[in-house]
Amino acid sequence: MEHHLYIKNMVCPRCIATVTEVLQQQGLAVQEVKLGEAVVTSDQEPDAAAISPALEAHGFELLQEKDEQLTDLIKTTLLEYQRHLEEEYQPITTSVYLAEKLGMSYQHLSKVFSQQTGTTIEKYLIRLKIERVKELISYGELTLSEIAFRLQYSSVQHLSNQFKKVTGISVTDYKKNPTIARTPLDNLS
């Protein structure tokens with residue numbers, strides 16, 4: 001029988017490899033692992049009490065409540081949305097993208113997300129974009145204008161204003177002080 005496990009803090013391809021390994025070490029027959037979800041085959045319901053500590057040892061968390069699962073799925077989908085914006089340059093709104101990908105109304109998704117996180121989807125997406133800006137700045141390969149274009153900001157000024165509002169420092173100050181830490185995506189709130 002197929003079982004779906006929903007896992008928090010999966011943000012990259014390395015996370016998929018690690019979760020696959022952890023689940024296999026727990027004796028589970030892993031069918032598929034993608035960001036935020038694993039599909040395993042077992043005659044019985046997988047033992048959450050055994051799986052949780054193994055996942056937690058690697059910084060992951062097994063989600064068991066439906067609203068927690070949905071919130072984590074929204075976060076993962078927003079990460080995909082950001083990549084979509086960078087790669088496709090197709091003007092699709094956040095609400096349309098989430099509703100299409102998750103098959104639920106944006107109003108419902110927004111309500112659950114806000115209740116679970118204490119912030120809105122829009123504010124979370126802005127924080128996600130600012131972390132991407134920090135990452136791209138740290139590479140030193142793109143100008144601020146190129147970063148603004150890539151992340152679909154209306155202007156460099158808009159990016160700069162949003163950066164300062166979220167981080168409390170200007171882009172210029174951030175560039176001058178490389179010791180300012182980026183926030184891991186799984187710690188964004």
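Reader: Which element gives the largest share of the lining of the second largest cavity?
Author: H3, with 3 residues. This is a predicted model, where local features need pLDDT of at least 70, side-chain atom pairs count only at pLDDT 80 or more, and totals for chains, interfaces and linings use all residues. Residues are numbered from 1 along each chain as its sequence is written, and side-chain values use heavy atoms, without hydrogens and water.

Reader: How are helices and cavities defined?
Author: Helices (H or I, at least four residues) and strands (E, at least two) are DSSP runs, numbered from the N terminus. On a 1 Å grid over the protein atoms alone, a cavity is a set of points where a 1.4 Å probe fits but cannot get out; a pocket is an open set with protein on both sides within 12 Å along at least five of seven lines; lining residues have an atom within 4 Å of a point.

Reader: What volume does the second largest cavity have?
Author: About 40 Å³, as the space filled by probe spheres set on the points, with grid points joined across faces, edges and corners.

Reader: Which residues line that cavity?
Author: Tyr6, Leu35, Gly36, Glu37, Leu63, Gln69, Asp72 and Leu73.

Reader: Now the second largest pocket. How much space lies there?
Author: About 160 Å³. Lys8, Thr71, Lys75, Gln116 and Thr117 are the closest to its centre, out of 10 lining residues.

Reader: Which element gives the most to that pocket's lining?
Author: H3 again, with 4 residues. Strand E4 (61-63) and helix H5 (106-117) are also among the elements giving two or more.
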